[in-house]
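Here is a short tour of pockets, helix packing and a ligand shell, written for someone who likes to know the cut-offs. Have the model open as you read.

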Amino acid sequence: MKLTLHIWRQPTPQATGRMVTYPVDHIAPDMSFLELLDVLNESLIAKGEEPVAFDHDCREGICGSCAMMINGQAHGPERGATTCQLHMRSFRDGDEIYVEPWRAAAFPVLRDLVCDRTSFERVIQAGGYVAVNTGGTPDGNALPVPKPDAERAMDAASCIGCGACVAACPNASAMLFVAAKVGHLASLPQGRTERTERVVAMVSAHDREGFGHCTNIGECEAVCPKSIRLGTIALMNRDFIKASWSQRAEPVKNESA
Ligand code: SF4
Ligand code: FES
């Protein structure tokens, strides 16, 4: 296949970036999109030019690091797939492909296609864990979990923290990501003890990081490589409202007592 790539190049976070055009040839349809970038980078290095910087690690849809917009779509045109799982057979010979980094104030561009997603880490640090001692690994039958709860927890736990939901959202909201983390732990007995504090802490951290609010547009669900459902946000909102009510309902202390 012969393709024309238009790639965002930006040497430093402060520099003004621009799209640069690169023709590429002899691309096999079974190559992954990251392999296409590898081929391009090898040719750039051979010519003494700077290779295109992009994030990647597992190359099998697990780590969530291969974040990039491809022709305006987060992770490209294949549904339920990350960029590393996208194959060149999804494109046609002669296509022009535009490749850009995630665009969101909470994900500043570091270099070319690499952006800083440590804002996600800080949201997790605010409460995306179980702090109480839950003991050793329990026997499978000792802690019964209803099947629907187990399914819901597993679905939510499949979030890989890639940030595509933020990149696709016109409000740059990370609500799908936060809801997946909150929903995963809220569905299991081990996570329920801190359920109220967790949802308030994580939503507050989300807002502090500069992510926008969810307005039910649904772009996040459409691009999520792990098919996290929009309903996950509804469950988180329910928990958040209940937590706010319970905080308001705190008994007023009698100062004279
Ligand atoms: S919810 Fe989906 S799109 Fe968002 S970070 Fe998790 S896996 Fe990525
Ligand atoms: S490189 Fe790990 S999900 Fe793509």
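## The largest pocket

The largest pocket of this predicted model holds about 320 Å³ of space. A pocket here is an open set of points on a 1 Å grid over the protein atoms alone, where a 1.4 Å probe fits and protein lies on both sides within 12 Å along at least five of seven lines; lining residues have an atom within 4 Å of a point. Grid points are joined across faces, edges and corners, and the volume is the space filled by probe spheres set on the points.

The lining has 21 residues, and Arg152, Gly183, Ser187, Thr232 and Leu235 are the closest to the pocket's centre. Two or more lining residues come from each of H3, H5 and helix H9 (231–248), with H9 giving the largest share, six residues. Helices are DSSP runs (H or I, at least four residues), numbered from the N terminus. By class, the lining has seven nonpolar, six polar and eight charged residues. The nonpolar class is Ala, Val, Leu, Ile, Met, Phe, Trp, Tyr, Cys and Pro, the charged class is Asp, Glu, Lys and Arg, and the others, Gly among them, count as polar.

## The second largest pocket

About 190 Å³ of space lies in the second largest pocket. Its lining includes Asp55, Cys63, Arg117, Ile160 and Gly161, while helix H2 (118–125) and H5 are the elements that give two or more residues. The largest share, three residues, comes from H2. Five of the lining residues are nonpolar, one is polar and four are charged.

## How H5 packs

Helix H3 (residues 147–157) and helix H5 (residues 175–186) have axes that come within 8 Å and cross at roughly 150°. Axes are lines fitted to C-alpha atoms, for helices over the stretch in contact, and angles run from 0 to 180 degrees between N-to-C directions. This crossing is left-handed (the near helix is turned anticlockwise from the far one by less than a right angle; clockwise is right-handed). Ala153, Ala156 and Ala157 of H3 meet Ala180, Gly183 and His184 of H5, where contact means heavy atoms within 4.5 Å. Four of these contact residues are nonpolar, two are polar and none is charged.

H5 also packs with H2, at an angle of about 35° and with the axes 11 Å apart; that crossing is right-handed. Phe120, Val123 and Ile124 of H2 make the contact with Phe177, Val178 and Lys181 of H5. Here five residues are nonpolar, none is polar and one is charged.

## Around ligand 1

Which residues come nearest to ligand 1? Of the 13 around it, they are Cys159, Cys162, Gly163, Cys165 and Cys224, a residue being near if one of its heavy atoms lies within 4 Å. Helix H4 (164–168) and H5 each supply at least two residues of this shell. The shell has eleven nonpolar, two polar and no charged residues.

## Notes on the model

Residues are numbered from 1 along each chain as its sequence is written, and chains are lettered from A and ligands numbered from 1 in the order in which they are written. In this predicted model, local features need pLDDT of at least 70, side-chain atom pairs count only at pLDDT 80 or more, and totals for chains, interfaces and linings use all residues, while side-chain values use heavy atoms, with hydrogens and water left out.
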